[in-house]
Amino acid sequence: MTYVKAVNAALAGAMRADPRVVVMGEDVAEGGPYTATAGLAEEFGRQRVIDTPISEATVCGVAIGAAQSGLRPVLEIMYIDFVALALDQLVNQAAKAHFMSGGQLRVPLVLRTQGGAGHRSGAQHSQSLESWLVHTPGLKVVMPARAVDAAGLLASAIADPNPVVVIEHKALYFRREDVPDPVEAVPLGVARTARNGRDVTIVAFSRLVYEALEAAEQLASEGIDAEVIDARTLVPFDLEAVLGSVSRTGRLVVAHEAVRQGGFGAEIASAVHEAAFDLLRAPVQRVGARFTPVPFSGPLEDAYVPGRAEICAAVRATLVS
Amino acid sequence: MTSRATRPHRLAAKDITLSRWRHGFKSRWGCQQNRGCADPADRGATNAVLGSTWACLRGADWAVSNPERASGPGATGEAVTALELLGIMWRIRFFEEEVPRLQRAGLARGLLHLSVGQEGVAAGTCAMLRRDDLLYTGHRGHGHAIAKGVPLRGLFAELMGRLDGVCRGLGGSMHIVDVEHGLMGATGVVGGNIPLAVGSAMTARLGAREQLTVVLFGDGAVQTGYFHESVNLAALWRLPLVFVCENNGFAEFTPRSAHTTVERVCDVVAPYGLARQTVDGSDVIAVREAFGVLAAAARGGEGPALLECLTYRLRGHYEGDAQKYRAAISQAEWRDRDPIARLRRRGVSEGWFTDEAAAVAEGAAKEAVDEAARLARESTAPPLELMERLVYAQLEPA
Ligand SMILES: Cc1ncc(C[n+]2csc(CCOP(=O)(O)OP(=O)(O)O)c2C)c(N)n1
Ligand SMILES: [Mg+2]
């Protein structure tokens, strides 16, 4: 089944299991631009599959209010770029309600969105903005690479009593993979070893997991044995898994599609430096996009999006020292 | 509240005394409200008021399992007497007058927005709600909380950042929440509470509950996108929601005329077809009547409504505001705008209560506030580890 079909199956499964789960967003009753919510309105009715006007800021607040009062809304923000409109509610209300109320309120909200470049969609429909979210205590942030995780992490996110942002990747939506039916929940905060290796650890998430795996294949032909860890969840982050791997390899590369400056890779690198400096045989290398908006022109966008070549170069840099 | 010498205002269908309101409800957290529970997160199972949602959806009779829920101040929406309204306004007034004293003593810190002069809106709306009706307020919300039944001691302690505060000292004056009493949120981001209320009303609507949601905000919040987007959604979905705007003519130091060409907030929503009314917010009886009509209609499924209350903020925007931007009000004008003095004059002249009964209500309110402030001072600061523990809610045991 495809990644987007797995998301769809997880939504349908959660809605079947729990009448509190409602899906909201623009065009969701029509399935949305990527068919993530296709068929839900037919099965569950428009009372639970709620089309909203183009009012992201308010609709995010509506979903939070609904979550505080007993529903389990799954809000779709069509492109992560538009999360900018919803950030006030997400950061100032959802993330803090439990804390500020001394534990009285809960916000079991899932905000589903998708990001990423590569589709010639221009600078306002291609960004990777997870860094804005991981900096806010109270939010959880998930970035699945595989269909099985897109479904399983979404199931866990819906069951979680906190606001969880699930960031899918538009370039992964139509990848095919085996996914168990019914969907099996994947716990939040647990990384996955995507490839075992001895020489270097590559931590990636979302689309870059595939780039890391391809890089590892190429490096293998050069005699370099790379371990690839799919972080899956950024908050809470499974630092243990990374440290465990680094304790064997002594070398670390962190890779993401987002702009390198201020990116989550910097957080991982610095956490590893703090916790395990003596395990490292070389400085941690970061792979991320250059500090520009995403360009439209094909050759420029292709050059902009970080991938296998950049990961290979970063791995080689860790082996020089 | 003690004896009621005369029959109160005609709207009083059923007597619910303030003492019952204050003391009659046992906490459902299994520990005395705001006293140290073993695990603060336990308090939060987003509690009874909300736990009911899905019992309702599944058709269980929520009122049977929670007999107290159906009553409370204004359980019928008409049950608060004129004398009780006077007592509520006195409680708010005395509370707000105590706050600057606590501030001067260094006990209450931070941004403190008081509602002296605006008590008629709080009493005429919030006190008319059922206990399980949901309320959202903003940065000037002490009075709304008091009128909804939030305990005074927990409020004072919250302003002082103490463990016995309604939010265990983690919220503060602008973030008062008391789920037990249906106070679901207060916001320091102007306008940010309005969409939340739409969401609560959506929950009630989906659960086919008779629950009403009310959101209070100032005239400044009307210029936010949230207000317009929320009115559109509430009207589109015909939600059981009443928007209550306290139009005191100012946003911080700036008059309404500097922010918009639309003078009356009611006119702003005209195209959406909301039921709407502008009333004199200093006339608590007028507020109560207008609110009662709009609330009953919204509760009955006729869609959302807007109540605009023209009101007067006696003190500065916040404590410490030198108010250089406006002239001081004259004694004569204040006599006319003060909602408490007005109700007292009118209640006595209409024979709703005697002057003695009014004096007793005033005394009782003063006593309750003084006692609450005294008890709040006894509370301690929250333990440091509380802040780590409350960042994320834990999964409830199945
Ligand atoms: C989004 C946002 N912008 C600015 C402020 C600063 N601020 C606090 S209260 C206030 C004025 C609000 O006016 P109004 O809504 O009329 O309420 P009032 O203070 O009159 O009760 C402003 C500008 C804020 N808290 N939030
Ligand atoms: Mg104002």
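**Figure 1. Helices α3 and α4 of chain A.** In this predicted model, Glu56(A), Ala57(A), Cys60(A), Gly61(A) and Ile64(A) of α3(A) meet Leu85(A), Ala86(A), Gln89(A), Leu90(A), Gln93(A) and Ala94(A) of α4(A). Sorted by class, the residues in the contact of α3(A) with α4(A) are seven nonpolar, three polar and one charged. The axes of α3(A) and of helix α4, which spans residues 83-94 of chain A, lie 6 Å apart, and the two helices pack at an angle of about 30°. Because angles under 35 degrees count as roughly parallel, α3(A) is described as roughly parallel to α4(A). The crossing in which α3(A) passes α4(A) is right-handed.

**Figure 2. Helix α3 of chain A against helix α10 of chain B.** Here α3(A), residues 56-68, is viewed together with a helix of the other chain, α10(B), residues 225-236, and the axes of these two helices come within 9 Å of each other and cross at roughly 65°. The helices α3(A) and α10(B) are therefore roughly perpendicular to each other, and their crossing is right-handed. On the side of α3(A), the contact is made by Ala57(A), Thr58(A), Val59(A) and Val62(A), while α10(B) contributes Gly225(B), Tyr226(B), Glu229(B), Ser230(B) and Leu233(B). By class, five nonpolar, three polar and one charged residues take part in the contact of α3(A) with α10(B).

Figure 3. The domain assignment divides chain A into domain 1, residues 3-172, and domain 2, residues 192-320. Taken over C-alpha atoms, the centres of domain 1 and domain 2 of chain A are separated by 27 Å. The contact draws 25 residues from domain 1 of chain A and 25 residues from domain 2 of chain A. About 2,100 Å² is buried between domain 1 and domain 2 of chain A, with carbon and sulfur atoms giving 56% of that area. Arg120(A), Met143(A) and Ala145(A) supply 28% of the area that domain 1 of chain A buries against domain 2 of chain A, which is more than any other three residues supply.

**Figure 4. Two cis peptide bonds in chain A.** One cis peptide bond joins Asp181(A) and Pro182(A), with omega at about 0°, and Pro182(A) is placed in the loop between β6 (164-169) and β7 (192-195) of chain A. The peptide bond from Val235(A) to Pro236(A) is also cis, with omega near -5°, and Pro236(A) belongs to the loop between β10 (233-235) and α9 (239-249) of chain A.

**Figure 5. Arg238 of chain B in its loop.** Although Arg238(B) is not a glycine, this residue has a positive phi of about 50°. Arg238(B) is found in the loop between α10 and β4 (241-247) of chain B, and α10(B) is also the helix whose axis crosses that of α3(A) at roughly 65°.

**Figure 6. Helices α5 and α14 of chain B.** The axes of α5(B), residues 82-104, and α14(B), residues 339-350, come within 10 Å and cross at roughly 155°. The two helices α5(B) and α14(B) are therefore roughly antiparallel to each other, and the crossing that they form is left-handed. From α5(B), the residues Ala82(B), Leu85(B), Leu86(B), Met89(B), Trp90(B) and Arg93(B) meet Pro339(B), Ile340(B), Leu343(B) and Arg344(B) of α14(B). Sorted by class, the contact of α5(B) with α14(B) has eight nonpolar and two charged residues and no polar ones.

Note on methods. Residues are numbered from 1 along each chain as its sequence is written. Chains are lettered from A and ligands numbered from 1 in the order in which they are written. This is a predicted model: local features need pLDDT of at least 70, side-chain atom pairs count only at pLDDT 80 or more; totals for chains, interfaces and linings use all residues. Side-chain values use heavy atoms; hydrogens and water are left out. Axes are lines fitted to C-alpha atoms, for helices over the stretch in contact, and angles run from 0 to 180 degrees between N-to-C directions. Helices (H or I, at least four residues) and strands (E, at least two) are DSSP runs, numbered from the N terminus. Angles under 35 degrees count as roughly parallel, over 145 as roughly antiparallel, 65 to 115 as roughly perpendicular and the rest as oblique. A crossing is left-handed if the near helix is turned anticlockwise from the far one by less than a right angle, and right-handed if clockwise. Contact means heavy atoms within 4.5 Å. Ala, Val, Leu, Ile, Met, Phe, Trp, Tyr, Cys and Pro count as nonpolar, Asp, Glu, Lys and Arg as charged, and the others, Gly among them, as polar. Domain bounds come from an automatic or database domain assignment. Buried area is the accessible area (1.4 Å probe) that two parts lose on being put together, summed over both.
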